Amino acid sequence: MLIKSPALLKLATCLILALPAYGIAVEGRWTEGFGQGDLEYFIDKQGMRLHIACPTEEGNANAFSSVTLQRQSDNTEVDPFTITVNGIKVTGPVEANSRVGTDNFQVVFEGVRKGDAVVKFGKKTVVFPKANAASVLPKPANGMRCNLM
């Protein structure tokens, strides 16, 4: 279908641009998003989203990086949860606003690049696969620009 009307073309363009980036995520695959100078990385599995927020100096210099777990049905955060990567267990949500928080953030960020993330909350367990993490999440030594303490 070819849109010939300039007004309809403008409306269609606005609607497409208004769609959130996370709406195009593929289950079990890591996705990168970018908005207002901030990066985000996430993976969806079994109705849950493991979300890594990566505010940058260019975007929100006063915000800290974080790792959260969200229910996709209503976008509510799950608190608390545990995430185990490479045999190391971290309690979430994680916010890199202290030395311990920064250490935990780096454990998770680096860990999901190398192996599956086993997340437990309530009586549920969700395994988020490593999948394409190494190609989506930057290597910490090679330009991870996330705000840390």
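**View 1. Gln-46, an exposed residue in a loop.** With a relative accessibility of 53%, Gln-46 counts as exposed; here exposed means over 50% relative accessible area, buried under 20% and partly exposed in between, using a 1.4 Å probe and protein chains only. You'll find Gln-46 in the loop between E2 and E3. Its phi is near 50°, which is a positive value in a residue other than glycine. Asn-75 also has a positive phi, near 60°, and lies in the loop between E4 and E5. Keep in mind that this is a predicted model, where local features need pLDDT of at least 70, side-chain atom pairs count only at pLDDT 80 or more, and totals for chains, interfaces and linings use all residues. Residues are numbered from 1 along each chain as its sequence is written, and side-chain values use heavy atoms, with hydrogens and water left out.

**View 2. The whole chain, for orientation.** The protein chain has three helices and nine strands. These are DSSP runs numbered from the N terminus: helices are H or I with at least four residues, strands are E with at least two. Of the 149 residues, 36% count as buried. The accessible surface comes to about 8,800 Å², and 54% of that belongs to carbon and sulfur atoms; areas come from the Shrake-Rupley method with a 1.4 Å probe, and for residues only the protein chains shown count as cover. Among contacts with a separation of 6 or more, 49% are between residues 24 or more positions apart, a contact being heavy atoms within 4.5 Å.

**View 3. The open sheet.** Five strands form an open sheet in the order E1-E2-E3-E4-E7, with antiparallel pairing; two strands pair if DSSP finds at least two bridges between them. In general, strands of a sheet pair through backbone hydrogen bonds, either parallel or antiparallel. The edges here are strand E1 (31-35) and strand E7 (94-95), each pairing on one side only. Zoom in on E2 and E3 and you have an antiparallel pairing over seven bridges. One place to look is Glu-40, whose bridge partner in E3 is Ala-53.

**View 4. The largest nonpolar core.** This core has 31 residues, and those with the most contacts inside it are Trp-30, Tyr-41, Ile-52, Ile-83, Phe-105, Phe-128 and Leu-137. A nonpolar core is a set of buried Ala, Val, Leu, Ile, Met, Phe, Trp, Tyr and Cys residues joined through side-chain atoms within 4.5 Å. Elements that each supply at least two of its residues include strand E2 (38-45), strand E5 (81-85), helix H2 (99-114) and helix H3 (133-136). Pick out Leu-137 and, leaving aside neighbours within four places in sequence, it is in contact with Trp-30, Tyr-41, Ile-52, Phe-109, Val-112 and Arg-113.

View 5. The structure holds two aromatic pairs. In one of them, Tyr-41 and Phe-109 sit edge-to-face, 5.9 Å centre to centre and with 80° between the planes. Rings of Phe, Tyr and Trp (its six-membered ring) pair if their centres lie within 6.5 Å; planes under 30 degrees apart are stacked, over 60 edge-to-face, and the rest tilted. This pair links distant parts of the chain, with Tyr-41 in strand E2 and Phe-109 in helix H2, 68 residues apart. Both Tyr-41 and Phe-109 are buried. Ring pairs link Tyr-41, Phe-105 and Phe-109 into a cluster.

**View 6. The disulfide.** There's one disulfide in the structure, a disulfide being a pair of cysteine sulfur atoms within 2.5 Å. Cys-54 and Cys-146 form it, with their sulfur atoms 1.9 Å apart. Cys-54 is in strand E3 and Cys-146 in the segment after H3, 92 residues apart. The torsion about the S-S bond is about -105°, so this disulfide is left-handed. Cys-54 and Cys-146 are both buried.

**View 7. Two cis peptide bonds.** The peptide bond from Asp-79 to Pro-80 is cis, with omega near 0°. Pro-80 is in the loop between E4 and E5. Another cis bond joins Gly-92 and Pro-93, this one with omega about 5°. Pro-93 lies in the loop between strand E6 (88-92) and E7.

**View 8. Thr-102 in helix H2.** Thr-102 is found in helix H2 and is buried, with a relative accessible area of 7%. Not counting residues up to four places away in sequence, Thr-102 touches Glu-95, Ala-96, Leu-148 and Met-149. Thr-102 and Ser-66 are 36 residues apart in sequence and 8.9 Å apart in space, C-alpha to C-alpha.
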